[in-house]
Amino acid sequence: MRAYFDYNATTPVDPAVLDAMLPFLAENFGNASSIHSSGQRARAAVDRARESVAALLGAKPSEVVFTSGGTEADNLAIFGLVSALAANSAGPRAHVITTTIEHHAILTSCQALARQGSEVTFVPVGANGVVDPGEIRRALRHETILISVMHTNNELGTIQPVEEIGRIAAEADVFFHCDAVQSAGKLPLDVNRLGVDLLSISAHKIYGPKGTGALYVRSGTPLTPQFHGGRHERDRRPGTENVPGIVGLGKAAELAIANLASEPQHIAALRDRLERAILESVPSVRVNGHSERRVANTTNLSFAAAGGEAMLIALDLLGVECSTGAACSSGAVEPSHVLLAIGLSPDEARSSLRFSLGRQTTAEEIDHAIATIPEVVARLRALSPRSADMLASPTVTS
């Protein structure tokens, strides 16, 4: 059998989502900007999806901007806000605050901002993968215009103190963006409770299609479009709407709302059984990040003296699919920036695997992984000339 434990990378399209999308790939193919009947049917479908996404976020439909995914939503939030404020200011150059464990969509965007003349502070996190709100407060300057902190880390599953950071941003009169791509469908989202001005989500992380996402933009938040073309999405994101993808995101949002009361608890029970069995059957394993302050579906484990890439390949050959980190970084030779940021050595970071579960995960898949992982780790450790020294330390958990 094959056991899939990489739901943080992507999720299968839910059958109900596919059913909702299919008519807009065939008979209802109209352009949502056209005024004839076919166009108006497409427009109505986009409007319904916008209402569904707004309901997931606790927002107004007019505050939802559809994008091509989480990465574009993050880029639009950062560059759109900084561009808009820079155009209306002759004061000191902009200062942006973020953390060292953000998704690459945020990190590389902020690095690009720095090359363009903005100043960026990358706030460190603790060994448990959680940022101290006090560090965010201490990083504030007179010229700070934006704070961007993710809600849930994609590699560790750790949940950041977004509400407290939102209060800090509000007190300082600074705009606040949150990448909630890994939180949607796993945690309740309410943009007003979180205190965010901008928030990003992605369809394919919540059983919707790839190539579709959304950015919440609080009413009154300045935003300069980063593409040029038509006046779509209230002049915030030009281009013909991806109607099937948007419909799919809308349906996925409805399912996320409906399943939020029970799904995380079920998934957490499966995750905990997998994690507990690994810790009991494999010596010298470390749980990375916070063991409690994390979403229900994720565990990140370091296996001393067993290389992550070798484990990944060996497990895949035996039908267990997991990850060594963020999917967008697969193939990179560098150790995970997230694991380095929480204090792991390069060797420890390279010996880590992420297991992320989801809606379709079964008890049989958990059993298969529990039976397979110890065997693979033992075999790889037997081949490592350094294994005796590396295994001398006891099992470590967070």
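This is a predicted model: local features need pLDDT of at least 70, side-chain atom pairs count only at pLDDT 80 or more; totals for chains, interfaces and linings use all residues.

Me: What does pLDDT do over residues 394–398?

Reply: It stays under 50 there, though the model still has 14 contacts beyond four places in sequence for that stretch.

Me: Why is Glu 72 called buried?

Reply: Buried means under 20% relative accessible area. Glu 72 comes in at 12%, so it counts as buried. You'll find Glu 72 in helix H3, which covers residues 70–87.

Me: What makes the Glu 72 and Arg 237 pair a polar contact?

Reply: Their side chains are joined at 2.7 Å, and the cut-off for such an N or O pair is within 3.5 Å, so the pair qualifies. Setting aside neighbours within four places in sequence, Glu 72 also touches Thr 67 and Phe 227.

Me: How do you know whether Thr 11 is buried or exposed?

Reply: Its relative accessibility is 5%, and the limit for buried is under 20%, so Thr 11 counts as buried. Thr 11 sits in the loop between strand E1 (3–4) and helix H1 (15–21).

Me: Which backbone atoms does the Thr 11 side chain reach?

Reply: One is the backbone oxygen of His 204, at 2.7 Å. Another is the backbone nitrogen of Tyr 207, at 2.8 Å. Beyond four places in sequence, the contacts of Thr 11 are His 204, Lys 205, Ile 206, Tyr 207 and Gly 208.

Methods. Residues are numbered from 1 along each chain as its sequence is written. Side-chain values use heavy atoms; hydrogens and water are left out. Helices (H or I, at least four residues) and strands (E, at least two) are DSSP runs, numbered from the N terminus. Buried means under 20% relative accessible area, exposed over 50%, partly exposed in between (1.4 Å probe, protein chains only). A polar contact is a pair of N or O atoms within 3.5 Å; within protein, one must be able to donate a hydrogen and the other to accept it, and residues adjacent in sequence count only if both atoms are side-chain atoms. Contact means heavy atoms within 4.5 Å. pLDDT is the predictor's confidence in each residue, from 0 to 100.
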